[in-house]
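Please look over the sequence and the structure shown here before reading on.

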Amino acid sequence: MYTGEQRTRAVAIKELHRSDKESSEESFEKFDEFKREVFIMSCLKHECLVQLYGITTNPLQMILEYVPKGNLYHLLHSDRDISIEYTLKICRDVAMGMQYLHHAMTPPVVHRDLRSPNVFIANFSKRPHTISAKVADFGMSRYSSSSSFSSPPPPPPYYYYYYYYYYYYYYYYY
């Protein structure tokens, strides 16, 4: 990974490295993973996922959104104190990104490599509506053929409580 500048914004550059020591099969697997990542990321447009801005062919590189604060792995292993509010914001952002992949995409996308080095920290703001984390690295991702992902998630449990409360109130008092 490199950092660069595209017009007026900072970008991250991910390059496909090939070595002379690799077999042709290993080289083909790396290229296939790179191609899959570009193909999947070109369809993703969500604030909790790292965006793909473009690619170059010589050398083979992806131009990605630059996330300035590093990844979650380095944050967790640093001496920095992380509040519970910030931890919950990170969890919420990762969950929103996964919900987008599983329920808004057709066909659904399964990340298959969700771990702390693949979650990038966008900012350390304590404001409740700012994005804190972005999911990246879609090289292992696959489109799901299962229909279990494509059905919408069930409503939260409190939905039923309010439904029955209003039904009871309306039925008995009107």
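## Cysteines, sheet and core

Cys43, at 35% relative accessibility, counts as partly exposed, a class that lies between buried (under 20% relative accessible area) and exposed (over 50%), with a 1.4 Å probe and protein chains only. This is a predicted model, in which local features need pLDDT of at least 70 and side-chain atom pairs count only at pLDDT 80 or more, while totals for chains, interfaces and linings use all residues. Residues are numbered from 1 along each chain as its sequence is written, and side-chain values use heavy atoms, with hydrogens and water left out.

| Residue | Relative accessibility | Class |
|---|---|---|
| Cys43 | 35% | partly exposed |
| Cys91 | 46% | partly exposed |
| Ile121 | 0% | buried |

A disulfide is a covalent bond between the sulfur atoms of two cysteines. When a disulfide is taken as a pair of cysteine sulfur atoms within 2.5 Å, the count comes to zero.

Helices (H or I, at least four residues) and strands (E, at least two) are DSSP runs numbered from the N terminus. Four strands form an open antiparallel sheet in the order β1-β2-β4-β3, where two strands pair if DSSP finds at least two bridges between them. Its edge strands, each pairing on one side only, are β1 (2-6) and β3 (52-57), and the twist averages 30 degrees from one strand to the next. Strand β2 (residues 9-15) is joined to β4 by five bridges, and Val11 has Glu65 of β4 as its bridge partner. Helix α1 lies across β2, β3 and β4, running at about 35 degrees to β4; such angles run from 0 to 180 degrees between N-to-C directions, with axes fitted to C-alpha atoms, for helices over the stretch in contact.

The largest nonpolar core has 30 residues, among which Leu44, Ile90, Leu101 and Phe138 touch the most other members; a core of this kind is a set of buried Ala, Val, Leu, Ile, Met, Phe, Trp, Tyr and Cys residues joined through side-chain atoms within 4.5 Å. Its largest share, six residues, comes from α3. Beyond neighbours within four places in sequence, Phe138 is in contact (heavy atoms within 4.5 Å) with residues including Glu37, Leu44, Leu101 and His111.

Ile121 is found in strand β6. Residues touched by Ile121, not counting those up to four places away in sequence, include Val67, Leu72, Tyr86 and Ile90.
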